[in-house]
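Subject: Structure for your files, with notes on cavities, pockets and a surface patch

Hello,

Here is the structure I said I would hand over. My notes on it follow below.

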Amino acid sequence: MRTDEGPLASRTFLALLGLSLLALLIRVVSLGGRVMHWDEGRVGYWILRYQETGIHSYRPIVHGPFLPIVNDYLFVFLPASDFAARLPVAVVGGLFPLAAWLFRDYLDDDEVVALGALFALNPLLVYYSRFMRNDVLVAAFSVVALGLLVRALVTRRLGYLVGAGAFMGLAFTTKENALLYVACFLGAGVLVVDHRLVRETRAGTRLSDVLAETWPTAVYRWVRGDDATFERGLARFGLHVVGAVAAFFLVVVFFYAPRPDLWAALSNPAALPGLLEESTVGPAERFYGTWVDGGHQDNDYLPFLYGYLETFVYGAPVVLAFGVVGALLDRYSPTNPGFRPLVAFAVYWGLASVVGYPLATDIEAPWAVVHAVVAFAIPAAVGLAFVVRAGVDSIHDDDRVSTGLAALVLLAAIGGTMGANVAYWNSTEEADKEVLQWAQPGNDLRESIVDVRAVAEANEGTDVLFYGTTTPGGDSVELYVSDESSADTPPPGGPAWHSRLPLPWYLELSDAEVTSTSPDTPPEEALADAPPVVVAHDWDRSEIEPHLEGYTAREHDFKLWGEHVVVFVDEDALRQARQTPRT
């Protein structure tokens, strides 16, 4: 452990600042270039509806309220778009490298910089920082909360506790797996304490003396600090713990409070107790009913674990390889054998994430691997810094073989990282399925979205018809909604609104008037007076195309594989829309 804040530490912070600026640039450039994923479209649509109605409450199935609340404010200043919707995640992901600075007491300066580099450039973290989902958010906020807690323990600057409480509150407003972070932190912390206990007893101190004298004395001195008495130190500590708890709940209540009830309660103090309950107990009950007691985790563990590890290998090979190197080096270091506390903590946290997330997730989703990557980045930073140091030392020693090996390893790591980031950038290709999630439409859908928006803005009356259908060989209804007005407030009526995603996001941006036909309706009846845009599945194309004379058909990948959608656009309506000046 070290606590110096000299010129070298200042250069380390400047290096992290430079990495953070690079990370922001990587995440913001062409941020709107990829068509919205199914899940992005779902959340984005309900943000637009909240902006329109002012009505919002927590729904566990779409996770925490952070993005709806933040983007609602953001859309006041920036026009709603793919770029703007993803911007909060991109900014948090871009600033994430600065979190490495919080761990400088347990890492060397080059290890701190390496950790910042891994947070900035890891392909999984980059890709899902350019994605309107909560995983990078909950990871970043939880890691910052942990870093602030570490700083409080090392420096006894208790103000860090309040910051840790606030950031942990933010983590809980993003996604429910913030609970898993707390569980991993507690479990890893217990194991690190056990490490310390083993060291003390192996050094010759009796276990009873450690537990009854050595550790209580250390706690006494830490609590007292510079205060005149232990009682004053304890009071100061207690005050800051209360402040941390208050900061946590203040953040949670602000975000989880239903709207517009929050604003009404602020002008009516008598309503505050009910609002507090609805912002804390209510979400907890809904979370339990959906994610704990709702059967979402009824999956086959081994296939999920295989998919998790596969994504780790493809999306974070550098973290995986250097993480193993760093863990072994730190565990068996000849100068300080037996793991540094932070490295041991991160290894246990990462292993728990690898084992636990395939059990906790309801679908095979590459974004879940983000939570193991941020943990293993800490031992990976140790391994990466070791290779860099070895290369520098070999140059000084004129050891060409060692220099070449170190250079080869580093070039492979840099090349692999940059190559993966370029490949996954705005990819919608099945070839990248290990990192991309299945429900990603192809980017060529963008052209049709632009034309549909132009037609909708120029057209009077119904703009888009979804041609209701059932899956071939099955009875699952697709695209049909019996009451379109049910999609004005969540949850939408059925039976198949979700099968349209992400199109509802784009249609809502276009203020398009939407309708649909029942799968039982004959095509000649369903399309007798069709609006200028008709959306159908590819398996119905040959059936309905004869009834849409004058329409151009564009077929697009609606998922990475196995699902295609056809967008029929009236050529005359599109021609007229292009000639109509936009307001």
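Helix α2 (residues 38-53) supplies six residues to the lining of the largest cavity, the largest share from any element. Helices here are DSSP runs (H or I, at least four residues; strands are E, at least two), numbered from the N terminus. This is a predicted model, in which local features need pLDDT of at least 70 and side-chain atom pairs count only at pLDDT 80 or more, while totals for chains, interfaces and linings use all residues. Residues are numbered from 1 along each chain as its sequence is written, and side-chain values use heavy atoms, with hydrogens and water left out.

Cavities

On a 1 Å grid over the protein atoms alone, a cavity is a set of points where a 1.4 Å probe fits but cannot get out; a pocket is an open set with protein on both sides within 12 Å along at least five of seven lines; lining residues have an atom within 4 Å of a point. Grid points are joined across faces, edges and corners, and a volume is the space filled by probe spheres set on the points.

Two cavities of 30 Å³ or more turn up in a search of the whole structure. The largest holds about 180 Å³ of space. Its lining has 17 residues, with W46, H56, S57, R59 and V62 nearest the centre. Ten of the lining residues are nonpolar, four polar and three charged. For these classes, Ala, Val, Leu, Ile, Met, Phe, Trp, Tyr, Cys and Pro count as nonpolar, Asp, Glu, Lys and Arg as charged, and the others, Gly among them, as polar.

The second largest cavity has a volume of about 50 Å³. Among the residues that line this cavity are D39, V43, V62, H63 and R133.

The largest pocket has a volume of about 1,900 Å³. It is lined by 45 residues, and Y106, L149, V150, L153 and V193 are the closest to its centre. The elements that give two or more residues to this lining include α7 (135-155), α9 (178-202) and α11 (230-256). The largest share comes from α9, with ten residues. By class, the lining of the largest pocket has 32 nonpolar, six polar and seven charged residues.

The second largest pocket comes to about 830 Å³. Of its 35 lining residues, R42, H63, W291, D362 and I363 lie nearest the centre. Elements giving two or more residues are α2, α9, α13 (272-292) and α16. The lining of the second largest pocket divides into 15 nonpolar, ten polar and ten charged residues.

Surface patch

V313, Y314, L320, V324, L328 and Y332 make a nonpolar surface patch of about 590 Å². Helix α15 gives the most to this patch, with three residues. V324 is found in α15, and counts as partly exposed because its relative accessibility is 46% (buried is under 20% relative accessible area, exposed over 50%, partly exposed in between, with a 1.4 Å probe and protein chains only). Patch residues have over 30% relative accessible area and no salt bridge; like charges are joined within 9 Å and nonpolar side chains (Val, Leu, Ile, Met, Phe, Trp, Tyr) within 5 Å. A salt bridge is a side-chain nitrogen of Lys or Arg within 4 Å of a carboxyl oxygen of Asp or Glu. Areas come from the Shrake-Rupley method with a 1.4 Å probe, and for residues only the protein chains shown count as cover.

Regards
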